[in-house]
Amino acid sequence: MDLHSFCYDLPPELIAQTPARKRDHSRLLVANRASQSLQDHLFYEIPHYFNPGDVLVLNDTYVFPARLFGVKQPSGAAIEMLLLENQGNGLWEVIAYRASRLKVGTQVQFSSSFYCIVNEILKDGKFLVQFFWEGDWDDALARHGEVPLPPYIAREHGKTTELDHARYQTVFAQPSPNLNSAAAPTAGLHFTETVLQTLRANGVRIAYVTLRVGLDTFLPMRVDRIEDHKMHTESFTLSPEAAQTIETAIQNQNRVIAVGTTAMRVLESAASAPGRLTPGENRTNLFIYPGYPFKIVSAMVTNFHLPKTTLILLVSAFMGNDFRARAYQHAIENKYRFYSYGDAMLIL
């Protein structure tokens with residue numbers, strides 16, 4: 001399967017640089033697979049498309065201030081790091097930009113009392129580094145770290161705003177010792193407490209899963225033949241209670257609606273058979289692309305994704321690539337806002 005079939009041209013002005021004025025006032029494109037129809041709405045209207053007994057599945061991972069700006073010692077050269085995975089005892093896997101400047105033993109200083117030393121050089125611009133700090137780790141990171149916005153969102157000198165700190169986080173995010181994320185599950189950014197309360201009042205069940213979102217999620221694929229791509233691995237948790245809620249809905253012929261590609265990957269990774277889930281903590285490298293047989297999810301909420309990424313492949317697998325391409329073209333022609341701070345699509 002040719003990756004170039006999952007490409008499109010996007011006018012740069014449609015890449016959202018800031019969130020909508022209100023979370024639930026972003027636009028919503030409703031794509032119905034049965035009728036192949038597209039309808040334009042606002043996100044706060046989404047409860048109209050849910051039925052009593054449906055289950056909405058949200059990824060409650062918490063975005064932590066994973067972006068650090070420091071200087072290499074003793075040269076003073078600028079280094080930018082993104083924390084990816086905590087290995088314990090101050091040891092982290094990171095991505096470093098201007099990586100050619102880093103060698104084993106290099107010290108990168110973030111403040112007089114907060115620095116790291118490179119322990120090992122990994123592949124694809126990644127490193128294993130040992131951090132050193134005074135006081136509490138979370139406090140140190142809060143003082144020196146930045147919200148890890150994607151590179152297509154421009155900020156002066158890379159410094160994020162108070163709005164970014166408030167809005168690049170879902171209203172239902174739950175901090176965790178091991179499953180915090182370096183990127184937001186962006187489909188969930190549109191939900192407000194009002195929308196969630198309306199759904200509950202209408203008889204919709206809400207289940208939470210946790211998947212640690214890493215930077216690899218958003219990287220363009222570097223192969224021409226899709227089948228040659230090796231999927232990154234992510235950690236996730238599915239509780240017994242969430243699994244039971246979802247299985248009961250399926251048994252009662254109600255729908256399971258995944259919010260975002262991350263929630264989708266948790267559910268499909270935990271599926272032991274159609275309609276059956278195995279709860280627990282696990283890791284997944286499940287690669288969903290056209291031809292994948294979905295076992296759990298019957299509808300999804302998603303943002304508009306970058307071309308030639310695993311995210312657009314997953315959406316294309318769920319709705320069909322031709323319909324996906326038509327939906328994206330409709331969104332472009334109607335000036336929807338794209339990517340992390342952009343608008344949403346409900347696929348029924």
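**Exercise 1.** Which residues of α4 are buried?

*Solution.* The structure is a predicted model. In this model, the buried residues of α4 are A242, A243, T245, I246, E247 and A249. The next step is to find their partners: these buried residues pack against the strands β3 (55-59), β10 (205-211), β11 (234-238), β12 (256-259) and β14 (276-277), and against helix α5 (260-270). Just after α4, Q253 takes a positive phi of about 60°.

**Exercise 2.** Determine what span helix α4 should have, and compare this with the distance between its end C-alpha atoms.

*Solution.* Helix α4 covers residues 240-251, twelve residues in total. The expected span is 1.5 Å times one less than the number of residues. The twelve residues should therefore span 16 Å, and the end C-alpha atoms are 16 Å apart, which agrees.

**Exercise 3.** Describe the largest nonpolar core and the surroundings of F338.

*Solution.* The largest nonpolar core has 68 residues, and those with the most contacts inside it are Y168, I246, F338 and M345. Helix α6 (residues 310-319) gives the most to this core, contributing seven residues. Setting aside residues up to four places away in sequence, F338 touches Y8, L10, L14, I15, A16, F304, Y328, A331 and I332. A second, separate core has 24 residues, including A66, L68, F110 and A182.

Note on methods: Residues are numbered from 1 along each chain as its sequence is written. This is a predicted model: local features need pLDDT of at least 70, side-chain atom pairs count only at pLDDT 80 or more; totals for chains, interfaces and linings use all residues. Side-chain values use heavy atoms; hydrogens and water are left out. A nonpolar core is a set of buried Ala, Val, Leu, Ile, Met, Phe, Trp, Tyr and Cys residues joined through side-chain atoms within 4.5 Å. Buried means under 20% relative accessible area, exposed over 50%, partly exposed in between (1.4 Å probe, protein chains only). Helices (H or I, at least four residues) and strands (E, at least two) are DSSP runs, numbered from the N terminus. Contact means heavy atoms within 4.5 Å.
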